[in-house]
Amino acid sequence: MTETMRAIVQDELGGPEVLHVAEVERPTPSLGRVLVRVHAAGVNPADEMNRRTGTFSGVPPFTLGWDVSGVVEAVGPGVTLYRPGDEVFGLLPFPSGSGAYAEYVVAPTRVLVPKPASLSHVQAAALPLAGLTAWQALAETARLTSGDRVLITGATGGVGHLAVQIAAAAGAEVVGLASTENLDLARDLGATTVLDYRGDDVLAGLGELDVVFDTVGRYAAEAVPTIRSGGTLISTLPQTLGDAVQKGAEHGIRVAGLFVESDRLGLNALVDLVEAGRLRPLIAATYPLDEAAAAHAEPHGPGKVVLVVRPTVD
């Protein structure tokens, strides 16, 4: 095995054009870590934010990417959970552990789980960050149960399309906000009521909700009056909550801003839903590794964008 690898590197902050292919040193797994030969890497809004601002990784140079699916190439000292040849996927330690836009990456064993045979590497790479965000919001923060009414904004987006499926699998009544062209898709995913987000006063007349999960950062203040006392409002963009926190407190509502955490227990719960036929990531587009800049620059439809590092696999 060569001692170098191809990776997408940026040497400065900026637009998609700062992403370029470089030959870099291949990492070596240390205590409790494994070397993964990357087959696919998910592309997320957090990657784009990091590329522009360095919010999570600091000053360049660095390599983007937290979602990874691949095959264990080597294991570090003390690792017993995996062996070379095992297919795995997971979320690299967020926010400090990016590096999936590469041919190889080192990961702690406990952020990975076995890849189910029912998912390709592309599908598996689309699941961790967005799926865990939805799981941690709905199952763990809101403790969603059967019969609850939940509003999910961005219902066909990267996080939203998985959140709708997770909520439906829990037996919740799902209200989804989406664009006109994606209303039928939101229904197919499990939403019982779908609304065009472009409508006037779109949340009026919904009746009482138990949970609002805002994945787009536009509805926090507007949603507060729709939630019953004791209910929950969760946003994936805490910086957009503004005075919703105070308004929520006045209405007896918990208002929470969520940043995802790497969690193999949550990943295993997602795998259980996949295996039960209740959860499937949608792939908006795929790009080869060396077209990472295009993956960041071009507009995409519903679901997730994925970089294919080993194109002969999927």
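The model is predicted, so local features need pLDDT of at least 70 and side-chain atom pairs count only at pLDDT 80 or more, while totals for chains, interfaces and linings use all residues. Residues are numbered from 1 along each chain as its sequence is written, and side-chain values use heavy atoms, without hydrogens and water.

Let's start with the sheet. Six strands form an open sheet with parallel pairing, in the order β10-β9-β8-β11-β12-β13. Strands (E, at least two residues) and helices (H or I, at least four) are DSSP runs, numbered from the N terminus, and two strands pair if DSSP finds at least two bridges between them. Because β10 (193–196) and β13 (254–257) stand at the edges with a single partner strand each, one side of each has no neighbour in the sheet. Strand β9 (residues 173–178) is joined to β10 by four bridges, and G176 stands opposite V194 in β10.

Now the helices. Helix α3 (residues 128–141) lies across β8, β11, β12 and β13, whereas helix α4 (residues 160–169) lies across β8, β9 and β11. Here contact means heavy atoms within 4.5 Å.

Finally, the pockets: open sets of points on a 1 Å grid over the protein atoms alone, where a 1.4 Å probe fits, with protein on both sides within 12 Å along at least five of seven lines; lining residues have an atom within 4 Å of a point. A volume is the space filled by probe spheres set on the points, which are joined across faces, edges and corners.

| Pocket | Volume |
|---|---|
| Largest pocket | about 1,200 Å³ |
| Second largest pocket | about 170 Å³ |

Helix α1 gives the largest share of the largest pocket's lining, five residues.

Notes. Axes are lines fitted to C-alpha atoms, for helices over the stretch in contact, and angles run from 0 to 180 degrees between N-to-C directions.
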